Amino acid sequence: MEIELAPETYRLCIIENDAEFDKFMHWTKQNAIGVLVDPFFDDEKNLLKGAVIEDLAELEKQNKHIEEVERFCLLFTKSNEDGTFSQIYRDFVNDVTLLLHDKCTCDGCKCIGCQMYDVRIAHYGKDNVDIRQSNENTIVLNLSDSESEWTQEFVENHSVDWNDWESLVT
Ligand SMILES: [Zn+2]
């Protein structure tokens, strides 16, 4: 069976030895090119099987990041289409997810989410607060070294299902 592959997308490489392979991997990494080993395609050119080689150091970094995140309490701040923000508190250890505010304006808003930023900036200084980009619409504030205590009533009134939010904020 012959399969036509678009030349700009695929390229057949025969690599003779380890040194060549290292050189090749280095080149693909620099050019952000994915590498398939021993690929098999079906009639529709869908990939059936093939090992995807990824950079190990990159993978380890990602795994480390996931482990780190799962131990922590985080505050996700997701920008909404109307220009407001949703503030979602997530405690991964106790499996608690709270929608603190879904119409936060961030600018002088003083909702609980905004206050969490203010408190930490006042305490650690603006440049030392652990804020990361979680996805293109979301930033995440690391709250893991502080304990947030919520009243039972607050938890009942603000609890949301993490399954509904996880894909939106991560
Ligand atoms: Zn706010």
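Biologist: Which residue of strand 4 does C73 stand opposite?

Modeller: C73 stands opposite D91 in strand 4. This is a predicted model, in which local features need pLDDT of at least 70 and side-chain atom pairs count only at pLDDT 80 or more, while totals for chains, interfaces and linings use all residues. Residues are numbered from 1 along each chain as its sequence is written, and side-chain values use heavy atoms, with hydrogens and water left out.

Biologist: What makes strand 3 and strand 4 a pair?

Modeller: Two strands pair if DSSP finds at least two bridges between them. Strand 3 and strand 4 have 7 bridges, in the antiparallel sense, so they pair. They form a hairpin with 5 residues between the strands, and G83 in that turn has a positive phi of about 90 degrees.

Biologist: What is called a strand or a helix here, and how many of each are there?

Modeller: Helices (H or I, at least four residues) and strands (E, at least two) are DSSP runs, numbered from the N terminus. The protein chain has 5 helices and 7 strands, in the order α-β-β-α-β-β-β-α-β-β-α-α from the N terminus on.

Biologist: In what order do the strands of the open sheet lie?

Modeller: The open sheet has 5 strands in the order 5-4-3-7-6, with antiparallel pairing. Strand 5 (96-104) and strand 6 (131-135) each have a single partner strand, so they stand at the edges, with one side of each lacking a neighbour in the sheet. From one strand to the next the twist averages 25 degrees.

Biologist: What joins the other neighbours in the sheet?

Modeller: Strand 4 and strand 5 run antiparallel and share 6 bridges; Y89 has L98 in strand 5 as its bridge partner. Their hairpin has 4 residues between the strands, and D95 takes a positive phi near 55 degrees there. Strand 3 (residues 73-79) is joined to strand 7 (residues 138-142) by 5 bridges, with L75 partnered by L141. Strand 6 and strand 7 have 4 bridges and a hairpin of 2 residues; in strand 7, V140 is the bridge partner of R132.

Biologist: Which helices lie across the sheet strands, and at what angles?

Modeller: Helix 3 (residues 112-124) lies across strands 3, 4, 5, 6 and 7, at about 55 degrees to strand 7. Helix 5 (residues 162-169) lies across strands 3, 4, 5, 6 and 7 as well, at about 65 degrees to strand 3. Axes are lines fitted to C-alpha atoms, for helices over the stretch in contact, and angles run from 0 to 180 degrees between N-to-C directions.

Biologist: Why is the zinc site called tetrahedral?

Modeller: Donors are N, O and S atoms within 2.8 Å of the metal (3.2 Å for Na, K and Ca); water is not among the atoms, so sites may look incomplete. The SG atoms of C104, C109, C111 and C114 lie 2.2 to 2.3 Å from the zinc ion, so they qualify. Four donors count as tetrahedral if all angles lie between 85 and 135 degrees (four count as square planar and six as octahedral if opposite donors are over 155 degrees apart and all others between 65 and 115; anything else is irregular). The angles around the zinc ion are 95 to 117 degrees, so the arrangement is tetrahedral. Along the chain the donors follow the spacing C-x4-C-x1-C-x2-C.

Biologist: How do you know whether C111 and C114 are buried or exposed?

Modeller: Buried means under 20% relative accessible area and exposed over 50%, with partly exposed in between (1.4 Å probe, protein chains only). C111 is at 9% and C114 at 6%, so both are buried. In strand 4 (85-91), 6 of the 7 residues are buried, so strand 4 is largely enclosed by the rest of the structure. Buried residues make up 25% of the 170 residues in the protein chain.

Biologist: What makes the T77 and Y117 pair a polar contact?

Modeller: A polar contact is a pair of N or O atoms within 3.5 Å; within protein, one must be able to donate a hydrogen and the other to accept it, and residues adjacent in sequence count only if both atoms are side-chain atoms. The side chains of T77 and Y117 make such a contact at 2.8 Å. T77 lies in strand 3 and is buried at 5%.

Biologist: What does N135 touch?

Modeller: Contact means heavy atoms within 4.5 Å. Not counting residues up to four places away in sequence, N135 touches L168, V169 and T170. Its side chain reaches the backbone oxygen of L168 at 2.8 Å, and a polar atom of that side chain lies 3.4 Å from the backbone oxygen of T170. N135 is in strand 6, and at 17% it counts as buried.
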